[in-house]
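Dear colleague,

I am handing over the structure we spoke about, and below it I have set out what was found in it. Please read the notes with the structure open beside them.

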Amino acid sequence: MITRARAIVTFLAGLATVAVFVAFTMLPEARAAGQCAASDALVQFELARSSAELAGIFGPRDEPCRLLMIDLMDASNRLDILGFIPAYTLFCCAAAIYLAGGVTRPLAVACIAIAFIAAAGDLLETRTLLALTASLDQPEGLLPRSLAGAWTKFSALALHALLLSAICLLYKPRRPILG
């Protein structure tokens, strides 16, 4: 019964993560930005390293697309903070607990800690991106902080996936991916 409950919680957390992901495309700001926004604009913004890269994402100061892009990025980042980060963090933790067979297993504890590190990095990045849209003309002081948060998030999520694989291979029932 406990295993089934863990599986259900993991499934629901995964479903919530996908639902929030889909919600990004349904934001009114996404529709308003329309042709102004490249499909990978948010990721470009997350990884921007210079004023020139930001100008490529947001466009010139006097262009109408600039304000639409700022609105889109702000709405996306608010949804990230309020929905996506909590959903994927819960999903990462629930998956570790389910696959490991309990919260006290060492690799499950490590996965949970790393999921929270990823969330902390994402929060640093996202809060910095919200500050960046208010200071696009002088972003240099914020870009390193945003990048540090983004790379912390991405690195932690990669490590989390690696540890989940270890759980699948080392803990019973074993779940080998191939053969």
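In this predicted model, Thr 128 counts as buried because its relative accessibility is 1%, and buried here means under 20%. Thr 128 sits in helix H6, which covers residues 106-133. Leaving aside residues up to four places away in sequence, Thr 128 touches Leu 142, Arg 145 and Ser 146. With one of these, Arg 145, there is a polar contact between the two side chains, at 3.0 Å. The side chain of Thr 128 also reaches the backbone oxygen of Leu 124, at a distance of 2.6 Å. To give a sense of scale, Thr 128 and Pro 173 are 45 residues apart in sequence, and their C-alpha atoms are 42 Å apart in space.

The salt bridges come next, and the structure holds six of them. In one, the side chains of Glu 46 and Lys 153 meet at 3.4 Å, taken from N to O. Because Glu 46 belongs to helix H3 (residues 41-46) and Lys 153 to helix H7 (residues 143-170), this pair ties together parts that are 107 residues apart in sequence. Both Glu 46 and Lys 153 are buried.

Lys 153 also meets Glu 125 in a salt bridge between their side chains, at 2.9 Å from N to O. Here Glu 125 lies in helix H6 and Lys 153 in helix H7, so the pair ties together parts that are 28 residues apart in sequence. Glu 125 is buried, as is Lys 153. Through salt bridges that share partners, Glu 46, Asp 122, Glu 125 and Lys 153 are joined into one network.

A further salt bridge links Glu 53 with Arg 49, and the closest N and O atoms of this pair are 3.0 Å apart. Are these two partners buried or exposed? Glu 53 has a relative accessibility of 30% and therefore counts as partly exposed, while Arg 49, at 59%, counts as exposed.

Finally, there is helix H1, which spans residues 2-26 and contains Leu 15. H1 has 25 residues and reaches 36 Å from its first C-alpha to its last, which is close to the 36 Å expected at 1.5 Å a residue. The buried residues of H1 are Thr 10, Ala 13, Gly 14, Thr 17, Val 20 and Phe 24, and what covers them includes helix H2 (28-33) and helix H5 (64-100). Leu 15, by contrast, is partly exposed, because its relative accessible area is 44%. Together with Ile 8, Phe 11 and Leu 12, Leu 15 makes a nonpolar surface patch of about 390 Å².

Notes:
Residues numbered from 1 in each chain as written. Predicted model: local features only at pLDDT ≥ 70, side-chain atom pairs only at ≥ 80, totals over all residues. Heavy atoms only, no water. Helix = DSSP H or I, 4+ residues; strand = E, 2+ residues; numbered from the N terminus. Buried < 20%, exposed > 50% of the residue type's maximum accessible area, 1.4 Å probe, protein only. Contact = heavy atoms within 4.5 Å. Polar contact = N/O pair within 3.5 Å; in protein donor to acceptor, adjacent residues only side chain to side chain. Patch = residues over 30% accessible without salt bridge, like charges linked within 9 Å, V, L, I, M, F, W, Y side chains within 5 Å. Areas by Shrake-Rupley, 256 points an atom, 1.4 Å probe, with all protein chains shown as cover. Salt bridge = Lys/Arg side-chain N within 4 Å of Asp/Glu carboxyl O. Expected span 1.5 Å × (residues − 1).
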